[in-house]
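Here is a short note to read alongside the structure. Please keep the view open and find each element as it comes up.

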Amino acid sequence: MDEASHFGLRVAAHAHAADGIKNAIRAGVASVEHATLIDDEGIALAKQHGTYLVMDIYDDECIQEQGKNGTMPADFLEHDRELGEVQRQNFRKALKAGVKLAFGTDAGVCAYGTSARQFAFMVRYGMTPMQAIQAATSAAADLIGRSNEFGSIKPGKYADVIAVSGDPLKDVRLLENVQFVMKDGLVYKQE
Ligand SMILES: [Zn+2]
């Protein structure tokens with residue numbers, strides 16, 4: 001943290017256990033990824049420090065699915081399923097406590113291109129569709145300190161826009177099927 005601060009950089013810590021999470025928050029990280037076993041004290045600390053939690057609550061679906069091919073021991077899979085459920089309940093707790101939450105998936109656990117499936121899980125565990133969308137846009141931009149450039153659609157920001165058919169506030173799973181992609185004003189996908 002000290003070295004990063006000399007360069008004006010932010011630090012993200014990947015942490016699962018309660019003590020590691022609290023050590024990271026106290027040291028001043030910008031975000032804790034996973035935050036699987038965060039306890040009440042950790043939630044209070046995150047709130048107090050304004051630390052983002054980036055909880056990959058969809059990933060366990062992919063681990064369990066990959067486990068069906070028999071390459072992972074059954075006791076590992078069972079343990080992982082329990083941890084996954086604890087993480088989801090802790091996501092709900094952190095949300096209720098008003099902790100800042102940003103969308104993140106520990107990319108690579110699930111197949112690339114499937115990240116949007118997490119939106120439905122964030123809604124299932126307590127967010128409104130709008131909160132889930134903001135976690136992936138304005139909150140994510142705030143976390144990395146780039147709110148002036150992206151995270152919302154305003155004059156002067158990068159014209160990074162996606163569109164889907166229908167209203168994702170009514171059915172957040174519509175975001176799993178993106179029909180239009182514009183990046184920095186250029187259209188990359190239009191169906
Ligand atoms: Zn990780």
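Which residues in α5 are buried?

1. This is a predicted model, and in it the buried residues of α5 are Gln87, Arg88, Asn90, Phe91 and Ala94. When you look for what covers these buried residues, you will find that the cover includes α3 (40-49) and β3 (52-54).

2. Helix α5 itself runs over residues 74-97, which makes 24 residues, and from its first C-alpha to its last it reaches 35 Å, close to the 34 Å expected at 1.5 Å a residue. After α5 comes Gly98, which has a positive phi near 85°.

3. Turning to α3, Gly42, Ile43 and Ala46 are buried there. Seen down the axis of α3, the buried residues fall within an arc of 100°, and therefore they line one face of the helix. Asp40 and Gln48, on the other side of α3, are exposed.

4. The cover over the buried residues of α3 includes α2, β3 and α5, while α3 in turn is part of what covers the buried residues of α5. Just after α3 comes Gly50, with a positive phi of about 70°.

5. The strands deserve a look as well: β1 (residues 12-15) pairs with β2 (residues 31-34) in the parallel sense, over four bridges, and His14 stands opposite Glu33 in β2. Together with helix α2 (residues 18-27), β1 and β2 make a β-α-β unit that is right-handed.

Definitions and conventions:
Residues are numbered from 1 along each chain as its sequence is written. This is a predicted model: local features need pLDDT of at least 70, side-chain atom pairs count only at pLDDT 80 or more; totals for chains, interfaces and linings use all residues. Helices (H or I, at least four residues) and strands (E, at least two) are DSSP runs, numbered from the N terminus. The expected span of a helix is 1.5 Å times one less than its number of residues. A residue is buried if 20 or more other C-beta atoms lie within 10 Å of its own, exposed if 12 or fewer, and partly exposed in between; C-beta atoms are placed from the backbone. Two residues are in contact if their C-beta atoms, placed from the backbone, lie within 7 Å. Two strands pair if DSSP finds at least two bridges between them. A crossover is right-handed if, with the strands pointing away from the viewer, the path from the first strand over the helix to the second runs clockwise. The arc is that of the directions from the helix axis to the C-beta atoms.
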